[in-house]
2 protein chains.
Amino acid sequence: MTRSELVENIQEKSSFLCVGLDTDIQKIPKFLLEFEDPVFEFNKRIIDATKEHCVAYKPNIAFYECRGAEGWSSLEKTIDYIPTTHFTIADAKRGDIGNTSKMYAKTFFENMNFDSVTVAPYMGIDSVTPFLEFKEKWVILLGLTSNKGAIDYQFEKNERGEFLFETVIRRAKDWGTDENLMYVAGATRGEDLIKVREHAGTHFLLVPGVGAQGGSLEQVVKYAGIPNEIALLVNSSRGIIYASQDEHFESAAAEAAKKVADEMSALAF
Amino acid sequence: MTRSELVENIQEKSSFLCVGLDTDIQKIPKFLLEFEDPVFEFNKRIIDATKEHCVAYKPNIAFYECRGAEGWSSLEKTIDYIPTTHFTIADAKRGDIGNTSKMYAKTFFENMNFDSVTVAPYMGIDSVTPFLEFKEKWVILLGLTSNKGAIDYQFEKNERGEFLFETVIRRAKDWGTDENLMYVAGATRGEDLIKVREHAGTHFLLVPGVGAQGGSLEQVVKYAGIPNEIALLVNSSRGIIYASQDEHFESAAAEAAKKVADEMSALAF
């Protein structure tokens with residue numbers, strides 16, 4: 001998907017919501033276990049229930065990989081089911097030497113036709129650029145993450161007084177353009193979001209940690225949104241897909257997604 | 001596998017060679033394509049040919065993942081085939097928020113019974129410790145990598161004049177012990193290996209980049225080995241598994257592995 005298509009979808013829907021498909025077979029409604037592929041069945045229903053309110057879907061690959069070949073098959077069916085109007089993110093946090101990153105890129109871009117994949121920055125340029133060679137495909141590079149451990153290295157200050165996450169974002173900017181490179185920006189503190197946006201320029205930001213993890217959507221829009229194009233995708237996983245765990249999970253998920261989308265509409269459009 | 005078992009295996013064989021099973025279906029001898037699972041067939045024969053000379057095997061997960069459910073099945077068969085006398089490394093470079101890292105840990109430690117998995121450090125403590133909670137299982141944390149892009153962030157100097165890879169190694173040391181935490185240490189320059197060993201104490205180091213990538217084994221032993229226990233695993237992938245690509249690939253692989261093992265024996269035992 002191109003940037004202009006993504007921006008158009010966001011503007012049409014007044015929503016920049018991404019639904020995280022972190023589908024745990026232990027947590028889905030019990031009656032789905034009777035289906036041949038309960039995880040896919042759950043995802044299918046969640047997609048049907050939420051697609052009107054969101055512009056993107058993000059399966060976290062760990063949830064599928066941990067079920068081996070079977071999980072892999074649920075993932076393939078899920079990505080095929082997501083409407084092409086929606087931006088798709090393989091939340092895989094991959095990254096390896098050039099040759100090997102290329103294989104990961106093929107996995108997610110060619111075999112599975114994801115629009116984007118999240119990439120860890122530690123190994124530098126040749127672990128990232130192989131993903132950027134695919135037309136209309138995106139890298140979403142970890143900049144600032146929303147977990148507790150972010151403090152361990154991402155806030156390491158360099159000789160110039162800059163945090164590592166700032167250096168990561170600034171330096172990687174030249175590896176791609178704002179048409180194929182986004183950053184992960186954890187919605188933790190307003191001042192950090194300001195720094196992220198400063199370094200990221202007009203690049204899109206994928207913001208986790210809003211919803212179940214408690215981040216404030218208002219802060220995100222205020223500190224990290226940009227005029228007109230917004231340039232944000234805000235993810236919510238558990239708060240939507242597990243809004244209810246009984247037989248009414250579809251309507252509960254729809255309602256939860258609509259609630260976030262309405263908040264987005266009021267804040268940014 | 002425990003540390004003392006690993007050390008014992010190394011001493012018995014006078015070898016600390018790890019064979020990288022980066023098996024690319026495009027590169028294996030053509031006659032193997034007639035088998036039901038050519039990648040597994042190749043791995044099986046490589047394992048039979050080299051097991052006498054090495055103490056560890058390291059499949060890079062990207063090479064399997066890129067073949068979807070089928071590749072996943074080749075990987076499962078391969079890990080089951082490796083003798084329990086050999087230390088096994090899932091070269092996956094994973095790392096995510098705690099909950100999700102735990103799923104990756106289950107994938108490689110429970111579903112597939114690997115002894116260890118390589119982990120990327122960028123997300124900090126809660127992305128690493130879930131892997132350390134499994135008994136007799138290991139994290140191999142990226143410290144210094146051997147690729148070109150290592151320079152981009154790993155050599156970022158902090159306020160105290162320390163490179164990022166030093167901080168990563170030093171700080172992560174408290175998260176585990178030398179019985180469940182190793183580091184990746186790219187065999188690039190002697191002076192960097194000295195620094196890695198200084199911070200890593202008695203922890204094992206996994207050294208890539210010797211062999212096809214041209215690192216010097218002598219330097220590695222001199223600068224990063226420790227007395228008696230060695231505390232090194234040196235990996236070679238392409239130099240061994242693709243030593244020949246015709247029908248004699250097994251004997252060529254055996255010979256290539258023996259050559260490295262003999263060099264190790266002369267240098268360190």
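Reader: How many cavities of 30 Å³ or more does a search of the whole structure find?

Author: Four. A cavity is a set of points, on a 1 Å grid over the protein atoms alone, where a 1.4 Å probe fits but cannot get out. Grid points are joined across faces, edges and corners, and a volume is the space filled by probe spheres set on the points. This is a predicted model: local features need pLDDT of at least 70, side-chain atom pairs count only at pLDDT 80 or more, and totals for chains, interfaces and linings use all residues. Side-chain values use heavy atoms, without hydrogens and water, residues are numbered from 1 along each chain as its sequence is written, and chains are lettered from A and ligands numbered from 1 in the order written.

Reader: What is the volume of the second largest cavity, and which residues are closest to its centre?

Author: About 70 Å³. Of its 14 lining residues (an atom within 4 Å of a point), the closest to the centre are Glu156(A), Asn158(A), Leu164(A), Glu156(B) and Asn158(B).

Reader: Why is His53(B) called buried?

Author: Buried means under 20% relative accessible area (1.4 Å probe, protein chains only). His53(B) has 11%, so it is buried. Its contacts (heavy atoms within 4.5 Å), leaving aside neighbours within four places in sequence, include Ser15(B), Leu17(B) and Ala254(B).

Reader: What makes the relation of the chains that of a two-fold axis?

Author: A rotation of 180° with 0.0 Å of shift along its axis superposes chain B on chain A, with RMSD 0.0 Å. Therefore the relation is that of a two-fold axis.

Terms used. Buried < 20%, exposed > 50% of the residue type's maximum accessible area, 1.4 Å probe, protein only. 1 Å grid on protein atoms, 1.4 Å probe; cavity = no way out; pocket = protein on both sides within 12 Å on 5 of 7 lines; lining within 4 Å. Least-squares fit on C-alpha atoms with pLDDT ≥ 70 in both.
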